[in-house]
Amino acid sequence: MRKYTIPVFIVLSGLLALKTNAQEKWDLRKCVEYAKANNISVKQADIQKRFADIQYKQSKQGQWPTANFNWNPGYQFGRSIDPTTNSFTNQNIFASGFGLSSSVNVFNFFSKKNTIEANALDSKATEAQIEKIRNDISLNVATAYLQALLNKESANIAAVQIQQSTAQLSNTRKLVDAGSLPELNAAELEAQLARDSATYITSYNNYQISLLQLKALLNLDAATPFDIETPPIESIPVDPIAELQPELVYNMALQNQPLQKVNAIKGDALKKRLEATKGQLYPSIGVSASLQSNWLGNPQARGVGVPMPVYPTIGDVNVGGVGYKVTSSYPVNTYSSYAKPNMFTQIGDNFRQAIGLGINVPIFNGGSARANIERSKLDIASNDLQIEKDNMQLKQDIYNAYVSAAGALQKYNANVKSLETAQKSYTYASKRYDLGLLQSIDLITNQNNLFRAKLDVVNSKTEYVFRMKVLEFYKGLGIKL
């Protein structure tokens, strides 16, 4: 008995771990919802959506007038120009200028309007892109989940196989010890038990690997305790295959699949961008306005009070030996006193305004505008081809899933009959072996046939369920187990 207690102990330890490893079991719905919220690809797509929203918001604000304030303080020394009198001076001065300017694009042949609408569509497309990624994640999670179920069921079948081999070996050992059967029978069953143990360990390891793959899709740490609910495969609800005809599913998928929505929205956005690019061929009209002033930290003194006109002397003449003063015919204002103006007085005195109308007429810019239009047209043509390609791939996937589902159903029905036959054969073989009418090698052969028949049923059933779930997914029913 010591020869086969070690592999049995290993298998039973693994079976115990299979049942008690995780503190909480996750069903498919929880896996899918967690993956949608935490998968890195979904988070990256969400960041792209935020970029698109910022671009759309910025383009909307671009239609409003601009406003800018400027302040230019500075220190001048040596020979320079007084910014308040515009005359040369050798005085060291501290000067500062203020300005408030604004401009607005009045008309540009709807280029800006179409750009805003294109950015709005881009934002909407990125939202549909997030939904596409979430759908892809849902399908990938469902695939990994079903694979884990298959591996776990395979491990369970292998464990049952070990229990049968152990019971047969125990009975055979008793008969061998009593001299009713030769030692060869026990040796053959011990070898079979070892092979069953290896099969179980392989299935168990495959199950653990499938759980790790599922964790990766969920963005869970590999060391996190994790296990899945294991509903019987035969109890998983599946729509009748008659309701999932490929052409019907394809027509519905064209309307509800996010990828098709993304392509359609991108097409509309590209058309808007083409119209915006065409608008750059025509003149644009803008209006600008500004308010400005400046002041000096050390201004020259100015007259204060009521000005008194004085005709200054501009020269002397001598007439008949008599000298005369020549005065200017233009009076010069003089003041009773002089003082340096303060900052606010200077700002008021130097305050100036401007308003202007600008017309920009594109004549020749190296063919850039025409080239941009041609690029936009090519972008639209490329997107149309991408739509055709994606629709063809969608149809191909749906028809493949349908044909595979129909084949898996036929295969499953055939495997069920094969399992019934293998079960009967094994039952009869066990009875004959217990009566000493059958050799152990024949019993092992029947047992292996039964094991393979059980695995074939599980594999074909799992494949059928998966293919049907793919069709339900494309039909718009989501993923459910």
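User: Which residues of helix α6 (residues 246-256) are buried?
Analyst: This is a predicted model, where local features need pLDDT of at least 70, side-chain atom pairs count only at pLDDT 80 or more, and totals for chains, interfaces and linings use all residues. Residues are numbered from 1 along each chain as its sequence is written, and side-chain values use heavy atoms, with hydrogens and water left out. Helices (H or I, at least four residues) and strands (E, at least two) are DSSP runs, numbered from the N terminus, and buried means under 20% relative accessible area, exposed over 50%, partly exposed in between (1.4 Å probe, protein chains only). In α6 the buried residues are P246, V249, Y250 and A253.

User: Within what arc do the buried residues of α6 fall, seen down its axis?
Analyst: The arc is that of the directions from the helix axis to the C-beta atoms. The buried residues of α6 line one face of the helix, because they fall within an arc of 100°.

User: Which residues is N119 in contact with, leaving aside its neighbours within four places in sequence?
Analyst: N119 lies in helix α4 (residues 111-177) and is buried, with a relative accessible area of 2%. Contact means heavy atoms within 4.5 Å. Beyond those sequence neighbours, N119 touches Q55, Y56, S59 and R273.

User: Which strands stand at the edges of the open sheet?
Analyst: Four antiparallel strands form the sheet in the order β2-β5-β7-β14, and two strands pair if DSSP finds at least two bridges between them. Each edge strand has a single partner, so one side of each is left without a neighbour in the sheet. These are β2 (66-76) and β14 (352-360).
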